[in-house]
Amino acid sequence: MPWSGSSGEYTNRRVPISCIVCLNRGLQNTVQPLSIFDGTISLMQRIFAPAWPGELQNQAFSYCEELASEIPVLDFYCRPDLESVEVLAQAIQSLGEKNA
């Protein structure tokens, strides 16, 4: 996002992205890796792209598809508790172990 949110930190830097996490409110803390197709659809729902059909929408879809094919996309359903942090951290760590 092009704004700092509540952190107030405006730092222009490059860092590697190990995964993209799609946050959802849930009754349980669960993480599910998405397929490239489902990851693409999930990313399309979360970006600012034209709603009308056309070249710009096609470019946005292609970009999301490229992202989902290169970077794992996780669907994270969570409660507002400390366990949710632990569940997500474990899922991200296991991604790193698979790619090592």
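Visitor: Which residues make up the largest nonpolar core here?
Guide: Seven residues in all: I20, C22, L43, C64, A68, I71 and V73. A nonpolar core here is a set of buried Ala, Val, Leu, Ile, Met, Phe, Trp, Tyr and Cys residues joined through side-chain atoms within 4.5 Å. Buried means under 20% relative accessible area, with exposed over 50% and partly exposed in between (1.4 Å probe, protein chains only).

Visitor: And which elements give two or more residues to this core?
Guide: β1 (20-25) and α2 (55-70). Helices (H or I, at least four residues) and strands (E, at least two) are DSSP runs, numbered from the N terminus.

Visitor: Where do these numbers come from?
Guide: This is a predicted model, where local features need pLDDT of at least 70 and side-chain atom pairs count only at pLDDT 80 or more, while totals for chains, interfaces and linings use all residues. Residues are numbered from 1 along each chain as its sequence is written, and side-chain values use heavy atoms, leaving out hydrogens and water.

Visitor: Back to C64. What is C64 in contact with, leaving aside neighbours within four places in sequence?
Guide: T40, L43, M44 and I47. Contact means heavy atoms within 4.5 Å.

Visitor: How do α1 and α2 pack?
Guide: Helix α1 (residues 36-44) packs on α2 at an angle of about 130°, and their axes are 8 Å apart. Axes are lines fitted to C-alpha atoms, for helices over the stretch in contact, and angles run from 0 to 180 degrees between N-to-C directions.

Visitor: Which residues make the contact?
Guide: On the α1 side they include I36, G39 and T40, and on the α2 side Q57, A60 and C64 are among them.

Visitor: Switching to the sheet: what's the strand order?
Guide: β1-β3-β2, an open sheet of three strands with mixed pairing. Two strands pair if DSSP finds at least two bridges between them.

Visitor: Which strands stand at the edges?
Guide: β1 and β2; each has a single partner strand, so one side of each is left without a neighbour in the sheet. Neighbouring strands are turned by 20° against each other on average, direction ignored.

Visitor: How many bridges join β1 to β3?
Guide: Six, and the two strands run parallel. I20 has V73 as its bridge partner in β3, and V21 has L74.

Visitor: What about β2 and β3, parallel or antiparallel?
Guide: Antiparallel, with four bridges between β2 (residues 30-33) and β3. Q32 is partnered with D75 of β3.

Visitor: Why is β3 largely enclosed?
Guide: Because five of the six residues of β3 (residues 73-78) are buried.
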